[in-house]
Amino acid sequence: MVYRVGELLESYSMIAPAYMVFLVFIFIPVAWSFYLSLFNYSILSLRQPQFAGLANFIKMFKDSVFRVAIWNTLRYSLGTVPARLVLGLALALLLDQKHLFGKNFLRTIYFLPVVTSMVAASIVWSLVFNASEAGLANQMLKALGFPPKGWLADSRLAMFSVCIMSVWKELGYVMTIFLAGLQGIPPELHEAAAIDGATGWQRIRFITIPLLKPTTFFILVTEVIGSFQVFTQTYVMTGGGPGYSTTTLINLLYTKGFFEFDMGYASALAVTLFLGLLLLSWVMRRAFRAEEIVY
């Protein structure tokens, strides 16, 4: 019995640091956000938070900028997640070929943007999308005979430009996860299908894609959650503009919390985003049913 207790204490002591980090940096801030969302509180005020009930949520849903931010966040998510999934899978299939020369080098090249600082990458892409004729994107348009565009200065093109940069930045991550999924598919299945006369496309369609369902589900959920939390690239490249054309939910939350110091409203935004992502993840899990896949 004494040995059993000692073994349990040893086990708990080993996982305690991880739980302490989770408790201090995730659980307590989340719980504090739920609490503050029900209060009017300015971070600069010396007064105690004033209970406001659901007033912050009512104010948020009546706010036209909030509706614009939701629409922009959805546009960003739809503009990046499907592109990353399709291009990431295509790259993974290409770089999973047995006899492809230099595939390890190519995998490294495609993964490099993932480990690059988002701020640094955003600054570089701001130069690429510079509205002047010196911008690389406009030079390419000029070479093709098209007039220059105000990529980040035009409200119709700003979100599109941010999406291009974001797809480039995270494509290597999606490719790597798909590559790991492809390594888990038994090669005997492809060999048997080839003997039966299946073409390369038929093997991808009827073997690879169905067996990658759990991997695809994982990437979809993490990418959707990540896309709803987009901030750095929109903040650095456009500052949320022109106007509110690239203001996302996190941009709005940052503005309310750290420029206007309205922590109650910012907490209501955080709670709404948290609950929305929780619901969306549950819906995707129910729709995908990835746990039913058996090799």
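Predicted model: local features only at pLDDT ≥ 70, side-chain atom pairs only at ≥ 80, totals over all residues.
Residues count from 1 along each chain as its sequence is written. Local features need pLDDT of at least 70 and side-chain atom pairs pLDDT 80 or more, while totals for chains, interfaces and linings use all residues, and side-chain values use heavy atoms, without hydrogens and water.

**Stop 1: the largest pocket.** Select Asp96, Gln97, Lys98, Pro187 and His190. Of the 18 lining residues, these lie nearest the centre. Helices H4 (103-115), H7 (158-183), H8 (187-195) and H9 (200-211) each give two or more residues to this lining. The volume is about 650 Å³. The lining has seven nonpolar, five polar and six charged residues.

A pocket is an open set of points on a 1 Å grid over the protein atoms alone, where a 1.4 Å probe fits, with protein on both sides within 12 Å along at least five of seven lines; lining residues have an atom within 4 Å of a point. Volume is the space filled by probe spheres set on the points, which are joined across faces, edges and corners. Helices are DSSP runs (H or I, at least four residues), numbered from the N terminus.

**Stop 2: the second largest pocket.** Now select helix H13 (263-288). H13 gives the most to this lining, seven residues. The lining has 11 nonpolar, three polar and no charged residues. The space is about 330 Å³.

**Stop 3: H3 and H10.** Select 64-95 and 213-228. The two axes (lines fitted to C-alpha atoms over the stretch in contact, with angles from 0 to 180 degrees between N-to-C directions) come within 9 Å and cross at roughly 145°. Show side chains for the contact (heavy atoms within 4.5 Å): Tyr76 and Arg84 of H3 are among them, as are Glu223 and Phe228 of H10.

Methods. Nonpolar A, V, L, I, M, F, W, Y, C, P; charged D, E, K, R; others polar.
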